[in-house]
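Subject: Structure for you to look at

Dear colleague,

I am handing over the structure we talked about, and below it you will find my notes on what I found. Please keep it open while you read, so that you can look up each place as it comes.

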Amino acid sequence: MKPLGAALVVCALLLAGCGSDTSTADRRQALEDYVAAVQPTRLGINELLDQADPILEGYKDGDLTAAEAERRMGRLERGAADYAVKIAEVKPVPEEIRAAQDSYAHTFVLQDTYLSALVASLKSREFDELPHFQNEQRAAIVAWRTRLEVLADRWGATLPANLQIAGRGEISPAPTGD
């Protein structure tokens, strides 16, 4: 091999090596940026759903009329619909998390659907026909969280500590406030 050819091969190898470090750093940053963009919506819907149980308990105990419970739960349902739009609008989404993000965003649509059905059934107290999405939602949320953790480990990204609770606990409010 001629000296010029050898020098070009060495330069190409060095550039390839440098590029992989940059690529990992870029991916790490993209993942951290994505999580930072998701966090306000993820935490916001959790806070919104925490408001449901007191409303439903107040209705069950007779402290709230059906109309008042419907009004308050309707406000929560509209908030869930807003969060469904916000989570779907998160950009950019790293390609390696896109499928999990799409499934995660769909859990917000399911939550809105459930709350809408719950509001419609409050007056009659006929809760037997409510959709049962919790298992599907939990599976999607856990898969999303797991994918984030795998990518964070691979790229050395830092994830918020509170991400560990995603998919654990109650997913949708119980119609009887329990």
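Is E95 buried or exposed? With a relative accessibility of 59%, and with everything over 50% called exposed, E95 counts as exposed. Please bear in mind throughout that this is a predicted model.

**Salt bridges**

The side chain of E95 forms a salt bridge with that of R98, at 3.4 Å from N to O, and R98 is partly exposed, with a relative accessible area of 31%. The count of salt bridges comes to five. Another of them joins the side chains of R27 and E96, with 3.3 Å between N and O. This pair links distant parts of the chain, since R27 belongs to helix α1 while E96 lies in the loop between α3 and α4, 69 residues apart. R27 is partly exposed at a relative accessible area of 37%, and E96, at 26%, is also counted as partly exposed. Elsewhere, E68, R71 and R72 are linked in a network of salt bridges.

**Helix α5**

Helix α5 runs over residues 134–155, and its 22 residues, taken at 1.5 Å each, should span 32 Å, which agrees with the 31 Å found between its end C-alpha atoms. Which residues of α5 are buried? They are Q137, A140, I141, W144, R145, L148, L151, A152 and W155. These residues cover an arc of only 130° around the axis, and therefore they lie on the same side of α5. On the other side of the helix, N135, D153 and R154 are exposed.

One of the buried residues, R145, has a relative accessible area of 7%, and its side chain meets that of E149 in a salt bridge of 3.7 Å, N to O. Because E149 and R145 are four residues apart in helix α5, about one helical turn separates them. E149 is partly exposed, with a relative accessible area of 22%. Just after α5 comes G156, which takes a positive phi of about 75°.

Q101 is found in helix α4, which covers residues 98–121, and at 3% relative accessibility it counts as buried. Leaving aside residues up to four places away in sequence, Q101 touches Y34, V38, I87, V90, V93 and W144. The C-alpha atoms of Q101 and V90 are separated by 9.2 Å, and these two residues are 11 apart along the chain.

Q39 is found in helix α1, residues 3–50, and with a relative accessibility of 11% it counts as buried. Its side chain is joined to that of R42 by a polar contact of 2.7 Å. Residues up to four places away in sequence again being left out, Q39 touches G44, P160, N162 and L163.

**Details of the backbone in two loops**

Where is P92 placed? P92 sits in the loop between α3, residues 66–88, and α4, and the peptide bond that joins K91 and P92 is cis, with omega at about -15°. In the loop between α4 and α5 you will find R125, whose phi is near 60°, a positive value in a residue other than glycine. At 42% relative accessibility, R125 counts as partly exposed.

Terms used:
Residues numbered from 1 in each chain as written. Predicted model: local features only at pLDDT ≥ 70, side-chain atom pairs only at ≥ 80, totals over all residues. Heavy atoms only, no water. Expected span 1.5 Å × (residues − 1). Buried < 20%, exposed > 50% of the residue type's maximum accessible area, 1.4 Å probe, protein only. Arc of directions from axis to C-beta. Polar contact = N/O pair within 3.5 Å; in protein donor to acceptor, adjacent residues only side chain to side chain. Contact = heavy atoms within 4.5 Å. Salt bridge = Lys/Arg side-chain N within 4 Å of Asp/Glu carboxyl O.
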